[in-house]
Amino acid sequence: MGWYNKRLAKSLWVFHISGSPCNNCDIEILDLITPKYDVERLGIKLVGSIRHADVLLVTGVFNEKVAPKIKKIYEQAPKPIFVVAIGSCPSSGTVFKNSYNIVENRESVIPIDMYIPGCPPKPEAMIEGVAKLMEKLNG
Amino acid sequence: MKLEYLFFIFIFPGILFTSILGLIIGWVDRKVSARFTFRVGPPFLQNFNDFFKLLGKEATLIKNSIHSLFIAAPFVAFGTLSLLATMIGVTLFYGIGFGGDIFVIMYLMMIYSVMIVLGGASTGNIYSSIGAGREVKLLIGDELVFILVCLVPIIKSGYQLNLESIINFQASNGAFIGSASGILAFLLSIICIQAKMTMQPFDIPEAETEIVEGPLMEYSGPPLAFWKLNHFMMYVIFPFFLILIFLGGFNLTGLGILWFILKYVGIVVVMIIIKNTNPRIRTDTALNFFWKYASPIGLLAIILAILGV
């Protein structure tokens, strides 16, 4: 599997879902494919369909309404798939922490492999997160 | 003799050669497209990595789809393209016919579009269905022009249908691009190829930002890998076909190799430039363009060819 994981690390296709975010992280994710940061040089491509994806980017606190949908999308993804949570919301809940309609334990909805905190995280931070995922895959 | 045929199909002008050259040219496409938008672009082996990665992913099946069609479509398309690559490549590189004439080539090229339609429509997904429908509309648009364009070399070579007779006629009488009708037909054929490969001005069926890759949306794993490989193989097949019917083939000795690279890369670069400088057009605009403007020019090219210009 070592050879295959090296291929996988070099072509991570990314699908992006918003789990009730404030939309800042979503805007920041799109910065990654602009000329300044251009993650295509690392083989990363933003795809429109979950069936093509290797990495699932989730943003935001998951509220009760979107949590089942996120679970459904995760189940539709072809395995292996890695879930990367972008922003402070999935890791801590930030200001929505004790809100009545959010899911307290986000890992009960989908297994999250990596957190990239920040409100929103800088594009450099997200690239570093991806680099760490690649390191892990390369062994 | 049998062993030679296997070599033709599986190794040299066939599957292996076309796949590797196609994946490399696919990288050229992605790199040049990236440079057009001042990005860096992917590394050299990117398409190979993508292909092998997709081969190892899980292939998902949809509960309400027609499974046999869904799985068969990409592989039948791959077989069709391999056959096309072999027929065109053997004529170009060895100068011998592989059975079948220019009409067989036209039919096989149409089968590829039909496979996209079947594969997309079998899923039941609404975006895939829309994509499949658009593919049919685009096929209706570009097929007439493509047939008209393919008639020009037939007429100019003295009504010969075999690929090797067409190429031999050009070897003795000069390439067809040297005449007025040849130039017209060549320009039209580049536009047709753009539509057949569903590249940028005519990427109506696969519109990534609108109906998320359309017919390919529900595919994952190995079938998706073969769809991607099919698309890259067309980067080899269509330019080779154009070189065969308009530019007089190759002569792989001495300076001929340079001419081969120049002709092939020239056509590919023109396609990439058209792709990167044009936005996607609407379905009705595309049909309008093909039926109202391109078809009369194609007819004009045929009339010029009959007059011998």
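This is a predicted model: local features need pLDDT of at least 70, side-chain atom pairs count only at pLDDT 80 or more; totals for chains, interfaces and linings use all residues.
Now the chains themselves. Chain A first.

Chain A carries five helices and five strands. Starting at the N terminus, the order is α-β-α-β-β-α-β-α-β-α. Its radius of gyration is 15 Å, close to the 14 Å from the globule rule for 139 residues, so chain A is as compact as a globular protein of that length. The C-alpha trace of chain A spans about 45 × 30 × 25 Å along its principal axes. Of the 139 residues in chain A, 40% are buried. Now take the contacts in chain A between residues at least 6 apart in sequence: 85% of them join residues at least 24 apart.

One helix pair in chain A deserves a look. Helix α1 covers residues 2–10 of chain A, and helix α5 covers residues 123–138. Their axes come within 8 Å and cross at roughly 165°. An angle over 145 degrees counts as roughly antiparallel, and α1(A) and α5(A) are therefore roughly antiparallel to each other. Their crossing is left-handed. Who touches whom? From α1(A) we have Asn5(A), Lys6(A), Leu8(A) and Ala9(A). They meet Met134(A), Leu137(A) and Asn138(A) of α5(A). That contact comprises four nonpolar residues, two polar and one charged.

On to chain B.

Chain B has twelve helices and zero strands. Along the sequence, the pattern reads α-α-α-α-α-α-α-α-α-α-α-α. The radius of gyration of chain B is 19 Å, close to the 19 Å that the globule rule gives for 309 residues, so chain B is as compact as a globular protein of that length. Along the principal axes, the C-alpha atoms of chain B fill a box of roughly 55 × 45 × 40 Å. Buried residues account for 47% of the 309 in chain B. Among contacts in chain B between residues at least 6 apart in sequence, 79% link residues at least 24 apart.

Here is a helix pair in chain B. α6(B) packs with helix α8 of chain B, residues 180–196, at an angle of about 150°. Their axes are 9 Å apart. That angle makes α6(B) roughly antiparallel to α8(B). The crossing of α6(B) and α8(B) is left-handed. On the α6(B) side, the contact residues include Leu138(B), Val145(B), Phe146(B) and Val149(B). On the α8(B) side, they include Ala185(B), Leu188(B) and Cys192(B). The residues of this contact divide into nine nonpolar, four polar and three charged.

Val145(B) sits in helix α6 of chain B, residues 126–156. Is Val145(B) buried or exposed? Twenty or more neighbours within 10 Å is the cut-off for buried. Val145(B) has 25 C-beta neighbours inside 10 Å, so Val145(B) counts as buried. Set aside its neighbours within four places in sequence, and Val145(B) is in contact with Leu188(B), Cys192(B), Phe290(B), Ala294(B), Ser295(B) and Gly298(B). Of these, Leu188(B) and Cys192(B) belong to the α8(B) side of the helix contact. As for Asp101(B), Val145(B) is 44 residues from it in sequence and 19 Å away in space, C-alpha to C-alpha.

Methods:
Residues are numbered from 1 along each chain as its sequence is written. Chains are lettered from A and ligands numbered from 1 in the order in which they are written. Axes are lines fitted to C-alpha atoms, for helices over the stretch in contact, and angles run from 0 to 180 degrees between N-to-C directions. Helices (H or I, at least four residues) and strands (E, at least two) are DSSP runs, numbered from the N terminus. Angles under 35 degrees count as roughly parallel, over 145 as roughly antiparallel, 65 to 115 as roughly perpendicular and the rest as oblique. A crossing is left-handed if the near helix is turned anticlockwise from the far one by less than a right angle, and right-handed if clockwise. Two residues are in contact if their C-beta atoms, placed from the backbone, lie within 7 Å. Ala, Val, Leu, Ile, Met, Phe, Trp, Tyr, Cys and Pro count as nonpolar, Asp, Glu, Lys and Arg as charged, and the others, Gly among them, as polar. A residue is buried if 20 or more other C-beta atoms lie within 10 Å of its own, exposed if 12 or fewer, and partly exposed in between; C-beta atoms are placed from the backbone. The radius of gyration is taken over C-alpha atoms; the globule rule is 2.2 Å times the number of residues to the power 0.38.
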